[in-house]
Amino acid sequence: MLAENLSQTLQRLENAAVAAGRPAPRLLAVSKTHPAGAVAGLAAAGQRAFGENYVQEAAGKVRDLVALSLEWHLIGHLQSNKAAQAAQLFDWVQTVDRPKLVEALARHRDPARAPLNVLIQVNIDDEGSKHGCRPEDVPALAALVAAQPRLALRGLMAIPAPHEDMALRRDAFRRMRALYEDLAARHAGIDTLSMGMSEDHALAVAEGATMVRVGTALFGPRASGMSP
Ligand SMILES: *Cc1c(COP(=O)(O)O)cnc(C)c1O
């Protein structure tokens, strides 16, 4: 079942890319709440990159599956007191949204390892309850990340508001694309715009997403009450 879900999801992404005349995005498999065995199953079908929302939950899976050399992304809000652990566990942190986090991640990244890949999370719809920096804060935060040799600035991430009106979602994706292009013009090595989830990935791809994050379509529904 996992292998079939994976091939169907990859096919959907490919179709969306072809329809939009864009390169196919990378697929990030969101494995939050799903056990290490399910991750191993999807890895056996060929998936390498996995996203987790909680440092604590990820720690066990990363440890259990270390022999598989998977690529682990943190996509949930990172509390400052968890930054040290996150810097050691993950290959990517997609939710950097404030200067304090930049310093803490850089300080705790093992110099013997490759730099920690960083995406700046943008609160593109300016939702009071959401995490992410303001669009106008991206340049200053990006400069801080780029100045840290233990960090590699790779791009931007957003979780736009789940508007029913797809025109509003498209508008948020477009504003992200503009921020992303501005960032790429100022910094080398920018190659990742992480936006779009299961239900709006086609729109995100059309507007320039290079990575989409998909959980349910790959692993099935999460137990209720456990999704953030
Ligand atoms: C849970 C989650 C996803 C995946 O959501 P699904 O609806 O299961 O595909 C993607 N991005 C983020 C940030 C998430 O927290």
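**Figure 1. Lysine 32 and the ligand.** In this predicted model, a polar side-chain atom of lysine 32 sits 2.6 Å from an oxygen atom of the ligand. On its own, the ligand would expose 390 Å². The protein buries 89% of that area.

**Figure 2. The shell around the ligand.** Lysine 32, asparagine 53 and arginine 213 are among the residues around the ligand. Val30, Ile75, Ile159, Met197, Ser198, Val214, Gly215, Thr216 and Arg222 also belong to this shell. What kinds of residue make up the shell? Five are nonpolar, four are polar and three are charged.

**Figure 3. Glutamate 52 in strand E2.** Strand E2 covers residues 49-52, and glutamate 52 is part of it. Is glutamate 52 buried or exposed? Its relative accessibility is 0%, so glutamate 52 counts as buried. Its side chain has a polar partner: the side chain of serine 31, at 2.7 Å. Glutamate 52 also touches residues beyond four places away in sequence. Among them are Lys32 and Ile75, and both of these residues are also found around the ligand. Other contacts of glutamate 52 include Glu57, Ala58, Lys61, Trp72, His73, Leu74, Gly76 and Phe90.

**Figure 4. Strands E3 and E4, side by side.** Strand E3 spans residues 71-74. Two bridges join E3 to E4, and the two strands run parallel. Find leucine 74: it stands opposite valine 93 in E4. Leucine 74 is also one of the residues that glutamate 52 touches. How many residues of E4 are buried? Five of its five residues are, and E4 is mostly covered.

**Figure 5. Aspartate 97, between E4 and H5.** Aspartate 97 lies in the loop that links strand E4 to helix H5. With a relative accessible area of 12%, aspartate 97 is buried. Which side chain does it meet in a polar contact? The partner is the side chain of arginine 98, at 2.8 Å. Past its neighbours within four places in sequence, aspartate 97 is in contact with His77, Gln121, His131, Gly132, Cys133 and Leu141.

**Figure 6. Helix H5 and its cover.** Helix H5 runs over residues 99-108. Its buried residues are Leu101, Val102, Ala104, Leu105 and Ala106. What covers them? The cover includes two helices, H4 (83-89) and H6 (138-146). Strands E4 (92-96), E5 (116-122) and E6 (151-158) are part of it too. Now look at leucine 101 in this helix. Leucine 101 has a relative accessible area of 0% and is buried. Leaving out residues up to four places away in sequence, leucine 101 touches Leu78, Gln79, Ser80, Ala83, Thr95 and Val96. Alanine 83 is 18 residues from leucine 101 along the chain, and their C-alpha atoms are 6.8 Å apart.

**Figure 7. Aspartate 182 in helix H7.** Helix H7 holds residues 166-186, with aspartate 182 among them. Its relative accessibility is 35%, so aspartate 182 counts as partly exposed. A polar contact of 3.3 Å links its side chain to the side chain of arginine 186. Aspartate 182 and valine 138 are 44 residues apart along the chain. Their C-alpha atoms are separated by 9.8 Å.

Key: Residues are numbered from 1 along each chain as its sequence is written. This is a predicted model: local features need pLDDT of at least 70, side-chain atom pairs count only at pLDDT 80 or more; totals for chains, interfaces and linings use all residues. Side-chain values use heavy atoms; hydrogens and water are left out. A residue is near a molecule or strand if one of its heavy atoms lies within 4 Å of it. A polar contact is a pair of N or O atoms within 3.5 Å; within protein, one must be able to donate a hydrogen and the other to accept it, and residues adjacent in sequence count only if both atoms are side-chain atoms. Accessible areas come from the Shrake-Rupley method with a 1.4 Å probe; for residues, only the protein chains shown count as cover. Ala, Val, Leu, Ile, Met, Phe, Trp, Tyr, Cys and Pro count as nonpolar, Asp, Glu, Lys and Arg as charged, and the others, Gly among them, as polar. Helices (H or I, at least four residues) and strands (E, at least two) are DSSP runs, numbered from the N terminus. Buried means under 20% relative accessible area, exposed over 50%, partly exposed in between (1.4 Å probe, protein chains only). Contact means heavy atoms within 4.5 Å. Two strands pair if DSSP finds at least two bridges between them.
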